[in-house]
Amino acid sequence: MGVSYRKARAKAMAFRRLVLVLLLGVILFVLLLGANAIVDLITRHSFETDQSLRMMHNNYTLDFKHLKLPRQNELSISLEKHNQMPPRNLDLYPKLAKDHIVIVLYVHNRPQYLQIVVNSLSQVAGISETLLIVSHDGYFEEMNKIVKSIKFCQVKQIFAPYSPHIFANGFPGVSPFDCKGKDDPDKMKCIGTRDQYGTHRSPKIVSLKHHWWWMMNTVWDGLKETRWHHGHILFIEEDHFIYPNAYRNLQLLTELKPKRCPYCYAANLAPSNVRSLGERWESLVAERVGNVGYAFNHTVWRKIHRKAREFCLFDDYNWDITMWTTVYPSFGEPVYTLRGPRTSAVHFGKCGLHQGQDEKAACMDNGVLNVEVNEIDRVPNVRSDWGLYVRKNQEGYKAGFRGWGGWGDTRDHQLCLDFAKMY
Ligand SMILES: *[C@@H]1O[C@H](CO)[C@@H](O)[C@H](O)[C@H]1NC(C)=O
């Protein structure tokens, strides 16, 4: 009896010792883990502070190699997913024409304008043969409603996932630590790099150049619907009225381009001088690339893409002025576009804004557009047997112009460079 009791007691004590050792082991393990987490927290925190400080002291070094896209919020992530959705109206238009020219319409938030553009597109001959991509800068229900109402061709909506308009509390939107106006980052302990005129970034203003560059990269190299497109892509904006003959004219121009104007990089629907409706001669015209209704192919895009640094580091918030003063001049030869002598697209604004000087220009009043569309604007009016008039040494922005500023923040430079290496 006594022996077996002592044996049982010894067994119990050995068991208790084992449990104790195990327990100590677990406690030690947990302590170690905790310490690690704390060290991690401290280093990460000081890393972030370090980054902010570097940016504040204006010697933030750009990373040309690695992707450093900003952290996304929920809306940004869901919009990026949405961009993968197939086009709408596939039931109505299951097939695209073999030689179609994709149309990309880039918009922000002017529903009255967009409605006019969409109405004009609905009247364009040949529109049902192609794909219309609407690229949105920001997310706005009224804009979506108009796009969803389109029934005249395949339509795909894409949304810029890094638009400043969808970041309410941090870069690329406004962050609470951002410098404002002409703040001195060192004195104010704020984040930002000033442009050449001493002014800090404005998210609303930089959003235009960001959207254009993101859209170009996405359409040419990202979307499965367009990345293998061999033909041209036409780009138009939410304040461009498109004439009924625009698509057929553009088909003619892109076909004529290699034969009649081998040094033309693009084809345009409208003159580069946005005030002009064309010379109305019986002649084709080659001139500098304008920003209304321009179309080019993937080969030209590759040339532009190679100049990402020039585009992203030039201190001007306008994408078109950036192209004219840095990208095109870097090609080493004059960059021409081919167009007809009578415009097939026109930029419009609110009536009365330029009273007196722009009597012939299109303008909008209460959702009604004041523009003249004649019979000749409804049918193709470019002829292949015409001569070619080349406008040389045209005035306008060129290499040497230092830029209007608004694009001095290194964070914008980095985001822009990142867009060029996303795909
Ligand atoms: C694209 O356009 C350029 C300029 O007009 C031309 O040189 C090039 O051959 C075209 N590429 C293709 C694949 O058609």
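Modeller: The protein chain contains 11 helices and 14 strands. Here helices (H or I, at least four residues) and strands (E, at least two) are DSSP runs, numbered from the N terminus. The model is predicted: local features need pLDDT of at least 70, side-chain atom pairs count only at pLDDT 80 or more, and totals for chains, interfaces and linings use all residues. Residues are numbered from 1 along each chain as its sequence is written.

Of the 423 residues in the protein chain, 38% are buried. A residue is buried if 20 or more other C-beta atoms lie within 10 Å of its own, exposed if 12 or fewer, and partly exposed in between, with C-beta atoms placed from the backbone. Among contacts in the protein chain with a separation of 6 or more, 79% join residues 24 or more positions apart. Two residues are in contact if their C-beta atoms, placed from the backbone, lie within 7 Å.

Now the annotated positions. UniProt, in an unreviewed entry, lists Asp239 and His347 under "binding site". The two span 109 residues in sequence, yet no two of their C-alpha atoms are more than 5.8 Å apart, so they gather at one spot. UniProt positions are given in the numbering used here, feature names are shortened, and annotations may be inferred rather than shown by experiment.

Asp239 sits in the loop between strand S4 (233–237) and strand S5 (240–242). Asp239 is buried, because 20 other C-beta atoms lie within 10 Å. Apart from neighbours within four places in sequence, Asp239 is in contact with Tyr113, His347, Phe348 and Gly349. His347 belongs to strand S10 (residues 345–347). With 19 other C-beta atoms within 10 Å, His347 is partly exposed. Residues up to four places away in sequence again left out, His347 touches Asp239, His240, Val274 and Val292.

The "binding site" annotation of the unreviewed UniProt entry also covers Asp137. Asp137 is placed in the loop between strand S2 (131–136) and H4. Asp137 has 24 C-beta neighbours inside 10 Å and therefore counts as buried. Not counting residues up to four places away in sequence, Asp137 touches His108, Ala160, Ser163, His165, Ser207 and His211.

Helix H4 also takes part in a helix pair. Two packed helices are described by the angle between their axes and the distance between the axes. Helix H3 (residues 111–122) packs with helix H4 (residues 141–148) at an angle of about 10°, and their axes are 10 Å apart. That makes H3 roughly parallel to H4. Axes are lines fitted to C-alpha atoms, for helices over the stretch in contact, and angles run from 0 to 180 degrees between N-to-C directions. Angles under 35 degrees count as roughly parallel, over 145 as roughly antiparallel, 65 to 115 as roughly perpendicular and the rest as oblique. H3 contributes Pro111, Leu114, Gln115 and Val118 to the contact, and H4 contributes Glu142, Met143 and Ile146. By class, the residues of the contact of H3 with H4 are five nonpolar, one polar and one charged. Ala, Val, Leu, Ile, Met, Phe, Trp, Tyr, Cys and Pro count as nonpolar, Asp, Glu, Lys and Arg as charged, and the others, Gly among them, as polar.

Ser149 is located in the loop between H4 and strand S3 (154–159). Ser149 counts as exposed, with 11 C-beta neighbours inside 10 Å. The C-alpha atoms of Ser149 and Val118 are separated by 9.5 Å, while the two residues are 31 residues apart along the chain.

Around the ligand are His230, Lys257, Cys264, Tyr265, Asn297, Thr299 and Val300. A residue is near a molecule or strand if its C-beta atom, placed from the backbone, lies within 6 Å of it. Strand S6 (264–268) and helix H8 (298–305) are the elements that give two or more residues to this shell. The shell divides into three nonpolar residues, three polar and one charged.

Some backbone details remain. Most residues other than glycine have a negative phi, and most peptide bonds are trans. Phe171 and Pro172 are joined by a cis peptide bond, with omega about 5°. Pro172 lies in the loop between S3 and helix H5 (185–188). Lys189, a residue other than glycine, has a positive phi near 55°.
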